[in-house]
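Have a look at the model first, then work through each task with its solution.

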Number of protein chains: 2
Amino acid sequence: MKKYWSERIQNLVPYTPGEQPKDRVFIKLNTNENPYPPSPKVMQAIGAVEDSALRLYPDPEATALRQAIAEYHGLKPEQVFCGNGSDEVLGLCFYAFFFPGKKVVFPDITYSFYPVYTELFGLDYEQIPLNEDFTLPVEKFLGGNGGAVICNPNAPTGRTLPLSEIRRILHANPDAVVLVDEAYADFGAQSAVELINEYPNLIVVCTMSKSRSLAGMRIGYALGSAELIAGVNCVKNSFNSYPLDRLALAAGEAAIRDVEYFERTRTMVMHTRERTAQRLRAMGFFVHDSNANFLFITHPDKTGEQLQQGLRERGVLVRWFNKPRISQYLRVSIGTDAEMDAMCAACEDILKG
Amino acid sequence: MKKYWSERIQNLVPYTPGEQPKDRVFIKLNTNENPYPPSPKVMQAIGAVEDSALRLYPDPEATALRQAIAEYHGLKPEQVFCGNGSDEVLGLCFYAFFFPGKKVVFPDITYSFYPVYTELFGLDYEQIPLNEDFTLPVEKFLGGNGGAVICNPNAPTGRTLPLSEIRRILHANPDAVVLVDEAYADFGAQSAVELINEYPNLIVVCTMSKSRSLAGMRIGYALGSAELIAGVNCVKNSFNSYPLDRLALAAGEAAIRDVEYFERTRTMVMHTRERTAQRLRAMGFFVHDSNANFLFITHPDKTGEQLQQGLRERGVLVRWFNKPRISQYLRVSIGTDAEMDAMCAACEDILKG
């Protein structure tokens with residue numbers, strides 16, 4: 001019991017992000033960062049902001065950034081909300097659309113921040129077990145709930161639900177919001193953004209942290225009907241009027257407008273992913289098909305913990321979740337070809353021992 | 001009724017920030033920004049961040065920034081919390097320390113974001129009327145509540161509560177958190193930070209938006225006992241692990257370490273404030289004594305709305321609150337001497353008409 005803490009937070013267990021090492025230089029494949037720097041146009045845009053501008057509040061409506069995002073996705077600016085990383089955007093959406101007493105559903109194996117939001121906000125929720133092969137039991141999401149959250153491709157498995165199944169879920173939940181978290185969709189999944197004008201209950205959450213190489217700048221956004229976006233804005237404007245600083249606004253706009261750089265770097269990541277998957281399979285790993293910038297892997301001869309520790313000792317950080325059903329797995333972010341070669345060599349070394 | 005909005009937000013009235021004009025060049029005295037750019041060391045620190053660093057998540061614990069802030073205030077890093085502007089810090093504190101059913105108290109005339117947070121989070125609250133001269137009726141804050149929030153100097157009046165009175169309030173509320181919002185304290189008020197090691201129920205919230213000229217970078221922080229700071233961290237880590245991007249972290253650290261620049265620019269603002277107050281009084285304005293970077297003024301010959309409109313027509317933006325008790329007043333931020341001379345000349349012109 002912490003004397004001054006509100007009852008609401010006495011038993012809260014916060015989300016634990018992947019390690020950000022400060023001392024030793026690791027090959028860092030543990031937090032799904034992009035191995036390539038952001039577009040050169042991002043640094044130009046940041047450099048073009050004058051020092052005297054920093055004394056002034058940023059645009060609370062992120063008008064220019066929302067315009068650029070709307071153009072990229074073929075939507076209207078009033079269908080775009082921008083926030084301080086997709087984590088903040090998700091948090092604001094959970095508060096805006098889900099309500100205690102109306103059960104929100106999401107899979108048991110998914111982004112582990114979802115149950116943290118529901119605990120934080122006192123929401124009722126149910127975690128639906130994924131099938132044995134980590135596919136989504138779609139029929140369990142067809143109505144009777146107060147909202148659904150689907151990470152697609154899913155984290156940390158990398159498995160993707162086809163758009164036809166997303167459509168079925170949207171269709172079966174006309175009175176509840178279906179949130180599709182597409183943090184990783186740029187690496188090969190079909191986006192649900194094309195369904196937005198058809199389903200007023202669909203909100204899609206995106207991030208610039210992965211495919212735009214801007215994890216360090218905290219830029220996330222949501223896309224949906226004008227009514228849903230107004231709801232997120234209502235919460236944002238009741239919590240923090242200016243979640244994006246002037247440099248983040250400039251960086252995000254430059255990043256979304258540089259389509260050529262985006263296409264080139266995401267293609268490189270996808271190519272490296274397939275090359276790495278092939279090599280790991282040749283070593284006896286079971287590797288799930290992935291449409292994300294990571295692979296979810298397991299090996300019959302070693303535990304997940306042994307593999308993670310062994311890789312760490314060899315200078316490679318990966319993510320291991322000590323959780324039911326997935327404790328034998330590692331989630332390995334996709335780095336450069338050279339980094340993945342080093343990771344594979346370290347795995348070979350571990351498997352020899 | 002918005003179909004997909006949670007019941008919690010159906011009737012929410014968000015905070016309205018001051019206008020950020022995009023078209024015409026105004027003398028902008030409406031949002032309490034600093035007329036001087038940030039320290040040159042801030043731009044150096046931003047320029048020193050390499051593009052390849054932006055692909056990596058920032059330090060979720062803001063270790064280096066917290067260390068710099070702790071050193072500046074003579075506290076330990078575990079007594080410092082950093083967030084995305086003091087608005088976010090305030091929001092997280094309200095959620096961490098106040099609870100429905102336990103009434104939180106703050107004045108009727110104060111920062112108008114406080115009642116927005118309490119509505120957003122479903123908190124019970126009471127707005128205690130300030131005395132006729134806008135001083136705080138201290139005896140009404142001496143216990144029997146579930147928390148107290150005091151903006152000191154107060155916004156938008158600029159009036160300051162002496163530290164001895166803050167101490168009385170802390171002493172009388174041993175079981176409730178007293179939040180002192182010192183957004184403007186650097187412009188001449190005595191800070192309550194020196195009471196932190198004495199009162200475990202005291203949390204002080206600060207911002208770099210005003211005295212550090214960094215409104216555009218969104219950096220706020222809270223100072224308090226390690227238990228209180230852990231509580232804010234618990235909420236932050238259940239909502240958004242990384243609220244400060246890499247450039248904001250670098251900017252904030254450089255700003256707090258450049259004490260010489262800080263002292264010089266805040267002294268200039270205070271000097272301009274006193275010079276402006278004198279000139280306005282000579283014109284027949286009633287000007288409250290202010291320890292903030294703004295003046296709260298009223299004139300017997302014109303309404304607040306007339307003055308605001310007249311100034312706007314003459315190219316000067318100031319803030320007018322159409323609210324009970326203060327609708328005859330204007331809040332005028334302190335700009336450069338030249339800007340304030342132009343504002344005073346515009347007032348003279350309005351009073352002639």
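Axes here are lines fitted to C-alpha atoms, for helices over the stretch in contact, and angles run from 0 to 180 degrees between N-to-C directions. Helices (H or I, at least four residues) and strands (E, at least two) are DSSP runs, numbered from the N terminus. This is a predicted model, in which local features need pLDDT of at least 70, side-chain atom pairs count only at pLDDT 80 or more, and totals for chains, interfaces and linings use all residues. Residues are numbered from 1 along each chain as its sequence is written, while chains are lettered from A and ligands numbered from 1 in the order in which they are written.

**Exercise 1. Find how the axes of helix α3 and helix α6 of chain A cross.**

Step 1: locate α3 at residues 85–97 and α6 at residues 226–236 of chain A; their axes come within 9 Å and cross at roughly 105°.

Step 2: name the arrangement. Angles under 35 degrees count as roughly parallel, over 145 as roughly antiparallel, 65 to 115 as roughly perpendicular and the rest as oblique. Therefore α3(A) is roughly perpendicular to α6(A).

Step 3: list who touches whom, where contact means C-beta atoms, placed from the backbone, within 7 Å. From α3(A) come A:Leu92, A:Cys93, A:Tyr95, A:Ala96 and A:Phe97, and from α6(A) come A:Gly231, A:Val232, A:Cys234, A:Val235 and A:Lys236.

Step 4: sort them. Ala, Val, Leu, Ile, Met, Phe, Trp, Tyr, Cys and Pro count as nonpolar, Asp, Glu, Lys and Arg as charged, and the others, Gly among them, as polar. The contact has eight nonpolar, one polar and one charged residues.

**Exercise 2. Describe chain A as a whole.**

Step 1: count the elements: chain A has 10 helices and 12 strands.

Step 2: check the radius of gyration (taken over C-alpha atoms; the globule rule is 2.2 Å times the number of residues to the power 0.38). A compact globule of 353 residues would have a value near 20 Å, and chain A agrees because its own value is 20 Å.

Step 3: look at burial. A residue is buried if 20 or more other C-beta atoms lie within 10 Å of its own, exposed if 12 or fewer, and partly exposed in between. In chain A, 57% of the 353 residues are buried.

**Exercise 3. Work out which residues of chain B meet chain A.**

Step 1: 65 residues of chain B are in contact with 65 residues of chain A.

Step 2: on the chain B side, α3, α4, α6 and α7 each supply at least two residues. The largest share, seven residues, comes from α3(B).

Step 3: by class, this side of chain B divides into 36 nonpolar, 16 polar and 13 charged residues.

Definitions and conventions:
Two residues are in contact if their C-beta atoms, placed from the backbone, lie within 7 Å.
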